[in-house]
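I opened a new notebook page for this model.

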Amino acid sequence: MNVTSELDDQVTKLYSAYTEHLSRCPRSHVRADCVEGMRLRKAWTAAQWASLKARRTGGRPHRTSGSS
C-alpha cells in the first residue's frame with residue numbers, strides 16, 4: 001500500500017466516524033455546539049489535506065526547508 005492509499009483509507013475512516021457521530025449526536029453542528037463533532041471534523045479535514053498534498057507531490061514525503 002502506498003502513502004496516498006494509506007491517507008485515503010484514513011480519510012474514509014475519519015469521514016465514517018464523523019458522519020456516524022452526526023447521526024447519533026443531538027447537538028447542533030451548524031452552530032458548533034458539539035466539541036466531539038468539531039474534533040472529528042477537524043481530523044477529517046486535516047486528513048483530506050494531507051491526502052491531497054501527497055497526491056500533488058506524487059506520494060513523496062514533504063521536505064522541510066532544513067532537510068537535506
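Predicted model: local features only at pLDDT ≥ 70, side-chain atom pairs only at ≥ 80, totals over all residues.

Residues are numbered from 1 along each chain as its sequence is written, and side-chain values use heavy atoms, with hydrogens and water left out.

**Entry 1: overall**

I took helices and strands as DSSP runs (H or I, at least four residues, for helices; E, at least two, for strands), numbered from the N terminus. I found two helices and zero strands in the protein chain. Of the 68 residues in the protein chain, 22% are buried.

Next I looked up contacts, meaning heavy atoms within 4.5 Å. I kept those between residues at least 6 apart in sequence, and 52% of these join residues at least 24 apart.

I then checked the surface, using Shrake-Rupley accessible areas with a 1.4 Å probe; for residues, only the protein chains shown count as cover. The protein chain exposes about 5300 Å². Carbon and sulfur atoms supply 53% of that area.

**Entry 2: salt bridges**

Side chains of opposite charge can pair when their charged atoms come close. My criterion was a side-chain nitrogen of Lys or Arg within 4 Å of a carboxyl oxygen of Asp or Glu. How many salt bridges does the structure hold? I counted three.

I looked at aspartate 8 and arginine 55, whose closest N and O atoms are 2.2 Å apart. This pair links distant parts of the chain: aspartate 8 sits in helix H1 (residues 3-24), arginine 55 in helix H2 (residues 35-56), 47 residues apart. Aspartate 8 is partly exposed at 24% relative accessibility. Arginine 55 is partly exposed too, at 49%.

I moved on to arginine 24 and glutamate 20, with closest N and O atoms 3.7 Å apart. Both lie in helix H1, four residues apart, about one turn of the helix. Arginine 24 is exposed at 56%, while glutamate 20 is partly exposed at 44%.

Then came arginine 39 and glutamate 36, at 2.7 Å between the closest N and O atoms. They are three residues apart in helix H2, so about one helical turn separates them. I read 47% for arginine 39, which is partly exposed. Glutamate 36 is partly exposed at 36%.

**Entry 3: aromatic rings**

I paired rings of Phe, Tyr and Trp (its six-membered ring) if their centres lie within 6.5 Å; planes under 30 degrees apart count as stacked, over 60 as edge-to-face and the rest as tilted. By this rule I got two aromatic pairs. Tyrosine 15 and tryptophan 44 form a tilted pair, 4.9 Å centre to centre, with 50° between the planes. The pair links distant parts of the chain, with tyrosine 15 in helix H1 and tryptophan 44 in helix H2, 29 residues apart.

Is tryptophan 44 buried or exposed? I found tryptophan 44 buried at 17% relative accessibility. The rings of tyrosine 18 and tryptophan 44 have centres 5.6 Å apart and planes at 25°, so this pair is stacked. Tyrosine 18 is in helix H1 and tryptophan 44 in helix H2, 26 residues apart. I noted both tyrosine 18 and tryptophan 44 as buried, whereas tyrosine 15 is partly exposed at 39%. Last, I recorded that ring pairs link Tyr15, Tyr18 and Trp44 into a cluster.

Note on methods. Buried < 20%, exposed > 50% of the residue type's maximum accessible area, 1.4 Å probe, protein only.
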